[in-house]
Amino acid sequence: NIASQDYPNYKKESFKGPYYENVVDCIDENVSYKVKREFQNISDEKNYVDIHTSYIQLDGDIPGVEEINRRLKEDAVYFVETYEENKEEIHKTLEDTGTGIQAEIKSYVTYNTEDIISIVIWQNISVGYMYLDVKLQTYNINLDTGVILDNESILDLEGFGSQFRERSNAQNGISDSGMEVFSDEDIEAMLMNNASLIIFY
């Protein structure tokens with residue numbers, strides 16, 4: 001069981017309403033493979049650096065599981081590795097600016113069955129009081145084939161632009177800087193761009 005105080009495991013029936021409001025673990029542990037969470041942290045009080053990283057690793061009869069695990073770890077600990085390789089220069093910059101680094105890179109399993117798993121890496125990095133990087137990175141993996149699916153291959157987006165706008169407006173409100181500034185075709189084009197599309201089960 002990989003649940004902890006910071007990563008409680010929710011049941012599917014816990015979710016009510018039309019929207020999935022938070023990224024959380026929703027792990028079915030009654031499957032033939034194991035889901036493990038590993039940690040890689042850095043704490044340097046002298047230089048005001050505090051980095052907490054977690055990544056998911058799979059254990060079981062999954063084609064290409066070693067490569068899958070390598071990708072999941074590599075992408076989650078990228079900031080840690082970058083910091084370690086450049087920390088002297090980073091410390092000098094922090095000293096000059098009087099700031100520090102706080103980073104949380106958390107990995108969640110939002111859905112899994114025998115056949116598929118969705119993993120989300122949520123990254124929040126700040127320097128002082130300024131956000132440096134906040135993003136989600138997603139992996140939808142076919143466990144039968146060991147293939148990490150391209151996001152745009154999951155959705156049939158024809159005619160989906162107007163539906164997406166309606167759902168966004170209902171959830172986020174209508175604003176001049178929101179979905180109203182884009183045409184249906186613009187929205188569908190953005191959703192077909194694997195570099196910017198975030199989708200997970």
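This is a predicted model: local features need pLDDT of at least 70, side-chain atom pairs count only at pLDDT 80 or more; totals for chains, interfaces and linings use all residues.

Biologist: How many bridges join strand E1 to strand E2?

Modeller: In general, two strands pair if DSSP finds at least two bridges between them. Strands (E, at least two residues) and helices (H or I, at least four) are DSSP runs, numbered from the N terminus. Here E1 (residues 34-44) and E2 (residues 49-59) run antiparallel and are joined by eleven bridges. Four residues lie between them in a hairpin, and Tyr-48 in the turn has a positive phi of about 55 degrees.

Biologist: Which residue stands opposite Ala-103?

Modeller: Ala-103 faces Ile-125 in E4. Strand E3 (residues 101-112) pairs with E4 in the antiparallel sense over eleven bridges, and a hairpin of three residues joins the two.

Biologist: Is strand E4 mostly covered or mostly uncovered?

Modeller: Buried means under 20% relative accessible area, exposed means over 50%, and partly exposed lies in between, with a 1.4 Å probe and protein chains only. In E4 (residues 116-127), ten of the twelve residues are buried, so the strand is mostly covered by this definition.

Biologist: Why does Asp-133 count as partly exposed?

Modeller: Asp-133 counts as partly exposed because its relative accessibility is 26%. This residue is in strand E5 (residues 130-142). Contact means heavy atoms within 4.5 Å; leaving aside residues up to four places away in sequence, Asp-133 touches Gln-123, Asn-124 and Ile-125.

Biologist: Which residues of the largest nonpolar core touch the most other members?

Modeller: In soluble globular proteins, nonpolar side chains tend to be buried together. A nonpolar core is a set of buried Ala, Val, Leu, Ile, Met, Phe, Trp, Tyr and Cys residues joined through side-chain atoms within 4.5 Å. In the largest one, of 31 residues, they are Ile-51, Leu-58, Ile-117 and Ile-119. Two or more residues each come from E1, E2, helix H1 (65-76), helix H2 (78-97), E3, E4 and E5; E2 gives the largest share, five residues. A second, separate core of seven residues includes Phe-160, Ile-187, Leu-197 and Ile-199.

How values were computed
Residues are numbered from 1 along each chain as its sequence is written. Side-chain values use heavy atoms; hydrogens and water are left out.
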